[in-house]
Amino acid sequence: MSETIYNRIAMLRTERGISRRQLSEALGVHYQTVGYLERGEYSPSLHLALRIAEHFEVPVEVVFSIHPFPRIGADRPA
């Protein structure tokens, strides 16, 4: 059983024009941690996941999932 946690951190960060460093400072984590999270190389603690969702002002399930998120535009005809 895979324990991969999928996330939309990079998408949310980019949409809001926030750098990894800015997000890391807002969350109180090292900037490399944000990169590890975005690449799926690190799964956040529940506390950190909730803080990330709160920072983006969205429910936690908008940011994190145990299933891959659908690709944007994947359901549109070519």
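Helices (H or I, at least four residues) and strands (E, at least two) are DSSP runs here, numbered from the N terminus. With that in hand, the chain has five helices and two strands, which follow one another from the N terminus as β-α-α-α-α-α-β.

A word on the model itself. It is predicted, with local features needing pLDDT of at least 70 and side-chain atom pairs counting only at pLDDT 80 or more, while totals for chains, interfaces and linings use all residues. Residues are numbered from 1 along each chain as its sequence is written, and side-chain values use heavy atoms, with hydrogens and water left out.

**Burial and the core**

Of the 78 residues in the chain, 29% are buried; buried means under 20% relative accessible area, exposed over 50%, and partly exposed in between, with a 1.4 Å probe and protein chains only. Among contacts (heavy atoms within 4.5 Å) between residues at least 6 apart in sequence, 55% join residues at least 24 apart.

A nonpolar core is a set of buried Ala, Val, Leu, Ile, Met, Phe, Trp, Tyr and Cys residues joined through side-chain atoms within 4.5 Å. The largest one holds 15 residues, and I9, L23, I52, F56, V63 and F64 touch the most other members. At least two core residues come from each of helix 1 (9-15), helix 2 (20-27), helix 3 (31-38) and helix 4 (46-56), with helix 4 giving the most, five. In soluble globular proteins, nonpolar side chains tend to be buried together.

For L23, leaving aside neighbours within four places in sequence, the contacts are I9, R13, I18, V34, H55 and F56.

**Loops**

In the loop between helix 2 and helix 3 you will find H30, which counts as partly exposed at 46% relative accessibility. The C-alpha atoms of H30 and R20 are separated by 9.4 Å, with the two residues ten apart along the chain. E57 lies in the loop between helix 4 and helix 5 (60-63) and counts as exposed at 72% relative accessibility. Phi of E57 is near 60°, a positive value in a residue other than glycine. Most residues other than glycine have a negative phi.

**The largest pocket**

On a 1 Å grid over the protein atoms alone, a pocket is an open set of points where a 1.4 Å probe fits, with protein on both sides within 12 Å along at least five of seven lines, and lining residues have an atom within 4 Å of a point. The largest pocket has a volume of about 280 Å³, a volume being the space filled by probe spheres set on the points, which are joined across faces, edges and corners. Its lining numbers 14 residues, with Y6, N7, R8, E38 and F69 nearest the centre. Strand 1 (6-7) and helix 1 each supply at least two lining residues, and the largest share, three residues, comes from helix 1.
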